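Colleague: I am new to this structure and would be grateful for a guided reading. Please show it first, and then let us take the features in turn.

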Amino acid sequence: MSAILRDPRVEIRLMREGDLESVFANERSAYSHPWTMGILRDCLRVGYDCQVVLLDKRIVGHVVLSVSVGEAHVLNLCVAEEAQRQGLGRRLLKRVMRLAREKEADTVFLEVRASNVAARELYETEGFCEVGRRRGYYPHDEHDREDAIVYAKSLL
Ligand SMILES: CC(C)(COP(=O)(O)OP(=O)(O)OC[C@H]1O[C@@H](n2cnc3c(N)ncnc32)[C@H](O)[C@@H]1OP(=O)(O)O)[C@@H](O)C(=O)NCCC(=O)NCCS
């Protein structure tokens with residue numbers, strides 16, 4: 001972890017319109033149900049905090065945060081499959097937690113598929129607590145849906 005924090009090959013910066021093709025490709029590599037290009041573009045248009053992480057100058061991950069009236073929501077956190085397990089997801093999460101604090105949010109919320117062991121491990125080790133469950137929130141396959149676990153972390 002401390003190695004990746006100092007790694008000069010890693011850069012996190014604001015997402016730009018010109019990044020969207022790469023961001024979309026990473027979505028498709030990482031998610032069974034990726035966001036569409038339209039959703040990603042809308043996130044930039046409405047002014048959400050959208051950040052990308054670059055490894056050796058290549059965009060390999062992104063995070064989207066919305067903040068309003070004291071509440072922050074991590075809407076997306078994604079690292080391309082080939083770049084996972086190198087500490088980049090944790091770095092992106094820490095970056096948006098800092099942004100949420102700067103914007104004076106009291107609490108950060110997020111939702112995750114119940115079966116998503118990797119993401120749940122990450123959130124729990126960053127101090128998020130399970131605060132609810134939304135039954136059948138996510139599509140699973142054409143016959144089934146999957147529950148969302150709601151996590152929260154207080155910034156106070
Ligand atoms: C979840 C995700 C963002 C993690 O990104 P990452 O860069 O691989 O994660 P990191 O290397 O920073 O690992 C952080 C922690 O996550 C947990 N973790 C990550 N991958 C894991 C895995 N395959 N199994 C179990 N725990 C895992 C571990 O606690 C890890 O800490 P450690 O390395 O000290 O053990 C990434 O797996 C991903 O993009 N998945 C697909 C999209 C997704 O599910 N996003 C979350 C939606 S809510």
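Colleague: In which loop does Asp7 lie?

Modeller: Helices (H or I, at least four residues) and strands (E, at least two) are DSSP runs, numbered from the N terminus. Asp7 lies in the loop between helix H1 (2-6) and strand S1 (10-14). Before we proceed, please note that this is a predicted model, in which local features need pLDDT of at least 70 and side-chain atom pairs count only at pLDDT 80 or more, while totals for chains, interfaces and linings use all residues. Residues are numbered from 1 along each chain as its sequence is written, and side-chain values use heavy atoms, with hydrogens and water left out.

Colleague: Is Asp7 buried or exposed?

Modeller: Buried means under 20% relative accessible area, exposed over 50%, and partly exposed in between (1.4 Å probe, protein chains only). Asp7 has a relative accessibility of 14%, so it counts as buried.

Colleague: Which backbone atom does the side chain of Asp7 reach?

Modeller: A polar contact is a pair of N or O atoms within 3.5 Å; within protein, one must be able to donate a hydrogen and the other to accept it, and residues adjacent in sequence count only if both atoms are side-chain atoms. The side chain of Asp7 reaches the backbone nitrogen of Arg9, at 2.9 Å.

Colleague: Let us turn to the ligand. Which residues come nearest to the ligand?

Modeller: A residue is near a molecule if one of its heavy atoms lies within 4 Å of it. There are 20 residues around the ligand, and Leu77, Val79, Gly87, Gly89 and Asn116 come nearest.

Colleague: Which elements each supply at least two residues of the shell around the ligand?

Modeller: They are strand S4 (71-79), helix H4 (88-102), strand S5 (107-113) and helix H5 (117-125). H5 gives the largest share of the shell, five residues.

Colleague: How do the residues of the shell divide into nonpolar, polar and charged?

Modeller: By the convention used, Ala, Val, Leu, Ile, Met, Phe, Trp, Tyr, Cys and Pro count as nonpolar, Asp, Glu, Lys and Arg as charged, and the others, Gly among them, as polar. The shell around the ligand has 11 nonpolar, five polar and four charged residues.

Colleague: What is 2.6 Å from a polar side-chain atom of Asn116?

Modeller: An oxygen atom of the ligand lies at that distance from Asn116. A polar backbone atom of Gly87 is 2.8 Å from an oxygen atom of the ligand. In the case of Tyr31, an N or O atom of the side chain is 3.2 Å from a nitrogen atom of the ligand.

Colleague: Where does Cys78 lie, and what separates it from Tyr31?

Modeller: Cys78 is in strand S4. With 2% relative accessibility, Cys78 counts as buried. The C-alpha atoms of Cys78 and Tyr31 are 8.2 Å apart in space, although the two residues are 47 apart in sequence.

Colleague: What is the phi of Val69?

Modeller: The phi of Val69 is near 35°, a positive value in a residue other than glycine. Val69 is placed in the loop between S3 and S4. Val69 is exposed, because its relative accessible area is 85%.

Colleague: Finally, where is Val150 in the structure?

Modeller: Val150 belongs to strand S7 (residues 145-154). Val150 has a relative accessible area of 10% and is therefore buried. Val150 and Asn26 are 124 residues apart in sequence, and their C-alpha atoms are 24 Å apart.

Colleague: Is Ala25 buried or partly exposed?

Modeller: Ala25 is partly exposed, because its relative accessible area is 33%. Ala25 lies in helix H2 (residues 20-30). Between the C-alpha atoms of Ala25 and Val67 the separation is 26 Å, and the two residues are 42 apart along the chain.
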